[in-house]
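Trainee: Hi! Could you walk me through a structure today?
Mentor: Happy to, let's take a look together.

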Amino acid sequence: MKKRLLSVFLCICLVLGLMPVTARAAEPTTVTTAQDLENTMEAGGEIKLDGDITVSQPLGVEDGKEVTLDLNGHAITSTGSFTLLSVGQSGSSDTTTGKLTVTDSSVGTLRGSITGQSKLFRQRAEPGRRHHSDQQQRQRPHRPGPAK
């Protein structure tokens, strides 16, 4: 009788072990203030805006970090003459090691935007080599394509 119960228990364990497991993606961090946005970008991960944000200092993605920024139909606006977004560079080489992805999951007529008074984006390039984002950009909102 004990052997039979043990074999039934082991069969149940085998069946449960073969069942597919769905991996859940981490929920994005929702931000509503410039300070929350800055702190979350420093940490890396997925960020979702829950309101329009005005920033008074540059935002950056640090070396080795990956950030996905979902505008969610809201706007990021700068109040000064600085490069609004930058992607970091490792200290020991000229290789960019950060990654920034901007999306907009808004539905309908809402469209997220990023507006700066100076340059909107800078990805640091190798010394002596100008990167296309180093050139002065006109003030214009960033409008990602329609949500899929």
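Predicted model: local features only at pLDDT ≥ 70, side-chain atom pairs only at ≥ 80, totals over all residues.

**A chat about the model**

Mentor: Let's begin with helix α2, whose buried residues are L37, E38, T40 and M41. Buried means under 20% relative accessible area, exposed means over 50%, and partly exposed is in between (1.4 Å probe, protein chains only). Helices (H or I, at least four residues) and strands (E, at least two) are DSSP runs, numbered from the N terminus.

Trainee: Got it. How many helices and strands does the protein chain have?
Mentor: There are 2 helices and 10 strands. Along the sequence they follow the pattern α-β-α-β-β-β-β-β-β-β-β-β.

Trainee: And how much of the protein chain counts as buried?
Mentor: Of its 148 residues, 32% do.

Trainee: Back to α2. Which residues touch the most other members of the largest nonpolar core?
Mentor: L37, M41, L49, L69, I76 and L100 do, out of 19 residues in that core. At least two core residues come from each of α2 (34-43), β2 (45-49), β3 (53-55), β4 (59-61), β5 (66-70) and β7 (85-87). By nonpolar core I mean a set of buried Ala, Val, Leu, Ile, Met, Phe, Trp, Tyr and Cys residues joined through side-chain atoms within 4.5 Å.

Trainee: What is L69 in contact with?
Mentor: Setting aside neighbours within four places in sequence, L69 contacts L37, I47, L49, I76, L100, T101, V102 and T103. Contact here means heavy atoms within 4.5 Å.

Trainee: New topic: which residues form the nonpolar patch on the surface?
Mentor: V8, I12, V15, L16 and M19 form it, with about 470 Å² of accessible area together. Like charges are joined within 9 Å, and nonpolar side chains (Val, Leu, Ile, Met, Phe, Trp, Tyr) within 5 Å. Accessible areas come from the Shrake-Rupley method with a 1.4 Å probe, and for residues, only the protein chains shown count as cover.

Trainee: Is V15 buried or exposed?
Mentor: V15 is exposed, at 54% relative accessible area. Its place is in helix α1 (residues 2-18).

Trainee: How many disulfides are there?
Mentor: A search of the whole structure finds 0. A disulfide needs a pair of cysteine sulfur atoms within 2.5 Å.

Trainee: What about the loops? Where does G51 lie?
Mentor: G51 is in the loop between β2 and β3, and it counts as buried at 14% relative accessibility. Leaving aside neighbours within four places in sequence, G51 contacts V31, H74 and A75. G51 and V31 are 20 residues apart along the chain, with their C-alpha atoms separated by 7.7 Å.

Trainee: Which residue has a positive phi although it is not a glycine?
Mentor: N72 does, with a phi of about 55°. N72 is in the loop between β5 and β6 (75-78) and is buried at 18% relative accessible area.

Terms used. Residues numbered from 1 in each chain as written. Heavy atoms only, no water. Patch = residues over 30% accessible without salt bridge, like charges linked within 9 Å, V, L, I, M, F, W, Y side chains within 5 Å. Salt bridge = Lys/Arg side-chain N within 4 Å of Asp/Glu carboxyl O.
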